[in-house]
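Here are my notes on the model you sent. They are set out as numbered points, to be read with the structure open.

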Amino acid sequence: GAGLTLTLEGVGALPVTGDANWARQVIAGLIDNALRHARGGGEIRVVAGQGDDAAQIRVIDNGPGIASGEVAAALARFGQGRGAAKSEGFGIGLSLARWIVEAQGGELTLDSPVTAAWRIGDPPGTMVTVQLPLRPR
């Protein structure tokens, strides 16, 4: 109903170490953030892939992005950017997601503006990448 386009790309199941419920909640929260920032006519891509020793999930939006000086603040506890959606959260989502991912041996990074290879159209957008260690076979 919001006029958004959501695209899912990548591989099927990625067996990772860690807690499946926490991982699901992190990814759902990142998609929710992207929905909030890529409003009316916006686009969101969720891309899953596999590196040498980690699964990678990228959530990319084509929203207004985060000012370069505010990226660190957006990942800080209770930190928020200055954009229009600032008042819509408590400023704990990204910091909590990063803590959960790191507690499972992974890494969460934030890129804004999105690099040209991943950008959706002209807006700067934001990309959050979650890497979780692959489960040994």
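1. Does valine 130 count as buried or exposed? The model is a predicted one, and in it valine 130 has a relative accessibility of 1%. The cut-off for buried is under 20%, so valine 130 counts as buried. This valine belongs to strand β5.

2. Consider what surrounds that residue. With neighbours within four places in sequence left aside, valine 130 is in contact with Val26, Ile27, Leu30, Ala55, Gln56, Ile57, Val101, Glu107 and Leu108.

3. The overall layout comes next. The protein chain has three helices and five strands. Followed along the sequence, they come in the pattern β-α-β-β-α-α-β-β. The chain has 137 residues, and 39% of them count as buried. Among contacts with a separation of 6 or more, 66% are between residues 24 or more positions apart.

4. Which residues have the most contacts inside the largest nonpolar core? They are Val26, Leu30, Leu108, Leu110 and Val130, in a core of 27 residues. At least two residues of this core are supplied by each of α1 (20-37), β2 (43-50), β3 (54-61), α2 (71-75), α3 (93-103), β4 (107-111) and β5 (126-133). The largest share, five residues, is from α1. Another core, of five residues, lies apart from this one and includes Val47, Ile60, Ile120 and Met127.

5. Just after α3, glycine 105 takes a positive phi of about 85°. Most residues other than glycine have a negative phi.

6. Serine 112 and proline 113 are joined by a cis peptide bond, with omega about 5°. Proline 113 is in the loop between β4 and β5. As a general rule, most peptide bonds are trans.

7. How many residues line the second largest pocket? There are 16, and those nearest its centre are Leu14, Val16, Ala23, Ile27 and Ile57. The pocket has a volume of about 210 Å³. Its lining divides into 14 nonpolar residues, one polar and one charged. At least two lining residues come from each of α1, β3 and β5, and α1 gives the most, with five.

8. Last, the surface. The protein chain exposes about 7,800 Å², and 54% of that area is supplied by carbon and sulfur atoms.

Key: Residues numbered from 1 in each chain as written. Predicted model: local features only at pLDDT ≥ 70, side-chain atom pairs only at ≥ 80, totals over all residues. Heavy atoms only, no water. Core = buried A, V, L, I, M, F, W, Y, C linked by side-chain atoms within 4.5 Å. Buried < 20%, exposed > 50% of the residue type's maximum accessible area, 1.4 Å probe, protein only. Helix = DSSP H or I, 4+ residues; strand = E, 2+ residues; numbered from the N terminus. Contact = heavy atoms within 4.5 Å. Areas by Shrake-Rupley, 256 points an atom, 1.4 Å probe, with all protein chains shown as cover. 1 Å grid on protein atoms, 1.4 Å probe; cavity = no way out; pocket = protein on both sides within 12 Å on 5 of 7 lines; lining within 4 Å. Points joined across faces, edges and corners; volume = space filled by probe spheres on them. Nonpolar A, V, L, I, M, F, W, Y, C, P; charged D, E, K, R; others polar.
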